[in-house]
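This report describes the contact between two protein chains. The sequence and the structure come first, then the account of the interface.

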Amino acid sequence: MGHLSNDEFFVKLTELFDKKKGKDHGSIVLVQKRLSHDQPVPEPTSDAVLPDLHPPQPMPVLIRATNAKGKKRREDKVKLSTVVEPDALPAFFDRYAEVCKSGMATLKPRDRSKRKGKAKKKKGAAIPAGP
Amino acid sequence: MPYYATSQEWLHQSSLLLEARPTTTRITTKYHISKPKPRRSKKTPSTSSPTTSDTTTTTTTTTTAPRGSLTLKTYDPLSGSCLKYRTTKAAEVSRLIQSLGRPLGARMAALPLPEAADELMAEAPLAQGTPAEEKRGEDALPGGAAKGQVQTQTQTQTQTQQGQGQAGTGGGGGGKGKKKRGKK
């Protein structure tokens, strides 16, 4: 399966997260790594033993997403991937963070503990208030 | 395979690993929803097995929503090093994903990092940077300080000149204070 464009990737990733909404189990796995396949990297020389440490030009980043279905449920497996060019990285990750934030709905929301504390204070006046 | 207690520590170590092995290191972000654990339901089957309504109510009261967790893993297959951080807080998601992009993704892409990020890395409180990293931080800091000094010197010079123009030779110090107040 070829790589999707960044926009298509976000659409499919949102769908992937939406499928998990309302489910009580499951996972979504996102992977990112430098795209090293078919990339021009100079041969190691005595001066630069590890040429990948300082490549002459910035390299694209590969982003993968799956719904973590194993071999037994291969037909249900969803695999998405896209390649982000270096100059598109900041914009991509801004949107990526948005999609992830709205998709990961079962994580603990921020305000819950504070609300609980306030409710307790209101109910039980005998409990001394915190600092 | 350590789990780090703070995301800063994870971020710092991951950044170092990426710096050392930028081609092979990958970052896995796993969002996992686990089934809610019915904690009180152990007693209910034995005591009130016929009344199914009881069991349902107890399970709903103990854990209503399924629990999600977010695990970040930086893994380099060549060296076998694996750094992990796990959280359940929704408030951290946005910042964590952003950090996947800005220091880490940029490093992966071999983009030149802005100096501010390096300084942050060097000043990370819990972390022990590599000598190279610390050196870079030290190099960067005196440069900035020197620049600041030069700027202040030029400022004071101009100020004293202005002060001399206004109030003669003795008014250098006073002129400084006045100028600063005026600027604010």
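How many salt bridges are counted between chain B and chain A? The count is 0. The model is a predicted one. Polar contacts, in contrast, are found across the interface of chain B and chain A: 17 residue pairs, with both residues at pLDDT 80 or more.

The size of an interface is often expressed as the accessible area lost when the parts come together. Between them, chain B and chain A bury about 3,200 Å², and 63% of this lies on carbon and sulfur atoms. On the side of chain B, the residues that lose the most area to chain A are B:Thr23, B:Tyr31 and B:Ile33, which together make up 21% of what that side buries.

The contact can be set out by chain:

| Chain | Residues in the contact |
|---|---|
| Chain B | 40 residues |
| Chain A | 37 residues |

Four elements of chain B each supply at least two residues of the side that touches chain A: α1 (7-20), β1 (26-34), β2 (67-76) and α4 (93-108). The most comes from α4(B), with 10 residues. Sorted by class, the side of chain B that touches chain A holds 18 nonpolar, 15 polar and 7 charged residues.

The two chains are also joined through strands. Strand β1 of chain A (residues 26-34) runs antiparallel to β1(B), and 8 bridges join the two. Within this pairing, A:Ile28 has B:Tyr31 of β1(B) as its bridge partner. B:Tyr31 is also one of the residues of chain B that lose the most area to chain A.

Definitions and conventions:
Residues numbered from 1 in each chain as written. Chains lettered and ligands numbered in written order. Predicted model: local features only at pLDDT ≥ 70, side-chain atom pairs only at ≥ 80, totals over all residues. Heavy atoms only, no water. Contact = heavy atoms within 4.5 Å. Buried area = accessible area lost by both parts, 1.4 Å probe. Salt bridge = Lys/Arg side-chain N within 4 Å of Asp/Glu carboxyl O. Polar contact = N/O pair within 3.5 Å; in protein donor to acceptor, adjacent residues only side chain to side chain. Nonpolar A, V, L, I, M, F, W, Y, C, P; charged D, E, K, R; others polar. Pairing = 2+ DSSP bridges.
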